[in-house]
Amino acid sequence: MLVGYLLVMGYLALGLRVLRRDTARPVPTGKRGWPGLIRQVVGTAVGGYVLLMSVVVGYYQGVARVGGHFLASAFTGCALLIGVALAVLLTASWLAERWHARPSGRVSRRGGRG
């Protein structure tokens with residue numbers, strides 16, 4: 001448990017250090033917009049899937065001694081879950097951008113448009 005705690009705290013410290021270093025530099029214009037968002041989300045999803053599968057295989061092969069059909073089901077089930085979550089996230093992001101980008105035709109309480 002101590003090793004797990006130290007690993008988590010170490011990764012958080014490393015993340016803060018990287019975040020602090022990145023805020024000093026301006027963001028390149030090539031990483032903005034929808035292509036940048038899609039790259040970021042897909043990269044995070046693939047990395048998370050690989051990490052999840054390594055934990056599942058490590059635990060169920062090394063500790064619980066369960067394999068075979070269970071691991072195949074874990075691989076396909078998690079892939080399906082991540083695929084559905086990515087589709088929902090990208091659709092929600094697209095809808096939110098369209099909703100914020102539309103011109104507001106509502107009349108405010110003060111009588112002006114806005």
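Visitor: Which helix of this predicted model has the lowest mean pLDDT, and which the highest?
Guide: pLDDT is the predictor's confidence in each residue, from 0 to 100. This is a predicted model, and the mean for the protein chain is 82. Among its elements, H1 (residues 2-24) has the lowest mean, 85. The highest, 89, belongs to helix H3 (residues 69-101).

Visitor: What pattern does the protein chain follow along the sequence?
Guide: The protein chain has three helices and zero strands. Read in sequence order, the pattern is α-α-α.

Visitor: How many Å does H2 reach from its first C-alpha to its last?
Guide: Helix H2 covers residues 33-62, which is 30 residues. At 1.5 Å a residue, 44 Å is expected. The model comes close to that, at 43 Å.

Visitor: Which element is included in what covers the buried residues of H2?
Guide: Buried means under 20% relative accessible area. In H2, that holds for Gly 36, Val 41, Ala 45, Tyr 49, Met 53 and Val 56. Their cover includes H3.

Visitor: Is H2 roughly parallel or roughly antiparallel to H3?
Guide: The axes of H2 and H3 come within 10 Å. They cross at roughly 160°. Angles over 145 degrees count as roughly antiparallel. That crossing therefore makes H2, relative to H3, roughly antiparallel.

Visitor: What is the handedness of the crossing where H2 passes H3?
Guide: Two packed helices are described by the angle and the distance between their axes. For H2 passing H3, the crossing is right-handed.

Visitor: What percentage of the residues of the protein chain count as buried?
Guide: The protein chain has 114 residues. The share that counts as buried is 8%.

Key:
Residues are numbered from 1 along each chain as its sequence is written. This is a predicted model: local features need pLDDT of at least 70, side-chain atom pairs count only at pLDDT 80 or more; totals for chains, interfaces and linings use all residues. Side-chain values use heavy atoms; hydrogens and water are left out. Helices (H or I, at least four residues) and strands (E, at least two) are DSSP runs, numbered from the N terminus. The expected span of a helix is 1.5 Å times one less than its number of residues. Buried means under 20% relative accessible area, exposed over 50%, partly exposed in between (1.4 Å probe, protein chains only). Contact means heavy atoms within 4.5 Å. Axes are lines fitted to C-alpha atoms, for helices over the stretch in contact, and angles run from 0 to 180 degrees between N-to-C directions. Angles under 35 degrees count as roughly parallel, over 145 as roughly antiparallel, 65 to 115 as roughly perpendicular and the rest as oblique. A crossing is left-handed if the near helix is turned anticlockwise from the far one by less than a right angle, and right-handed if clockwise.
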